Amino acid sequence: MAIDIPEDLIMLERSAVEEQRKALTEPYTEEAWAPWREAAAKFQAAVTAHAEAAGMSQSELEMAVKKAVLLPKPEDG
């Protein structure tokens, strides 16, 4: 069964991935990595809330979102 993924979860995960990319280009400091941790925490909170509201598995929803962001389907054309 396909999971209907809300666009806000896609955007939050994209933000977390981008912040991770930025953090990994710099030496570790609390300040440099804080945006990544904050973005990841926002994503996790949103996944938890959506999964609870929809009565679905949090882990399945999280995996579906990550797959959609990290392994997007090619555009038709």
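How many helices and how many strands does the protein chain have? In this predicted model, the protein chain has 3 helices and 0 strands. Read from the N terminus, the order of elements is α-α-α.

Some overall values come before the details. Along the principal axes, the C-alpha atoms of the protein chain fill a box of roughly 40 × 35 × 15 Å. The chain has 77 residues, and 23% of them count as buried. Its accessible surface is about 5,600 Å², with 57% of that belonging to carbon and sulfur atoms. Among contacts with a separation of 6 or more, 50% are between residues 24 or more positions apart.

Helix 1 covers residues 7-24, and helix 2 covers residues 30-54. Their axes come within 8 Å and cross at roughly 160 degrees. Because angles over 145 degrees count as roughly antiparallel, helix 1 is roughly antiparallel to helix 2. The crossing of these two helices is left-handed. On the side of helix 1, the contact is made by Leu9, Leu12, Glu13, Ser15, Ala16, Glu19, Gln20, Ala23 and Leu24. Helix 2 contributes Ala32, Trp33, Pro35, Trp36, Ala39, Ala40, Lys42, Phe43, Ala46, Val47 and His50. By class, the residues of this contact divide into 14 nonpolar, 3 polar and 3 charged.

Is Ala23 buried or exposed? Its relative accessibility is 1%, and since buried means under 20%, Ala23 counts as buried. Leu9 is also part of helix 1's contact with helix 2. Ala23 and Leu9 are 14 residues apart along the chain, and their C-alpha atoms are separated by 21 Å.

Helix 1 also packs against helix 3, residues 58-70, at an angle of about 65 degrees, with the axes 9 Å apart. Angles of 65 to 115 degrees count as roughly perpendicular, so helix 1 is roughly perpendicular to helix 3. This crossing is right-handed. Helix 1 takes part through Leu9, Ile10, Glu13, Arg14 and Val17, and helix 3 through Leu61, Val65, Lys66, Ala68, Val69 and Leu70. The contact of helix 1 with helix 3 has 8 nonpolar, no polar and 3 charged residues.

Technical notes:
Residues numbered from 1 in each chain as written. Predicted model: local features only at pLDDT ≥ 70, side-chain atom pairs only at ≥ 80, totals over all residues. Heavy atoms only, no water. Helix = DSSP H or I, 4+ residues; strand = E, 2+ residues; numbered from the N terminus. Buried < 20%, exposed > 50% of the residue type's maximum accessible area, 1.4 Å probe, protein only. Axes fitted to C-alpha atoms, helices over the stretch in contact; angles between N-to-C directions. Parallel < 35°, antiparallel > 145°, perpendicular 65-115°, else oblique. Left-handed = near helix turned anticlockwise from the far one by under 90°. Contact = heavy atoms within 4.5 Å. Nonpolar A, V, L, I, M, F, W, Y, C, P; charged D, E, K, R; others polar. Areas by Shrake-Rupley, 256 points an atom, 1.4 Å probe, with all protein chains shown as cover.
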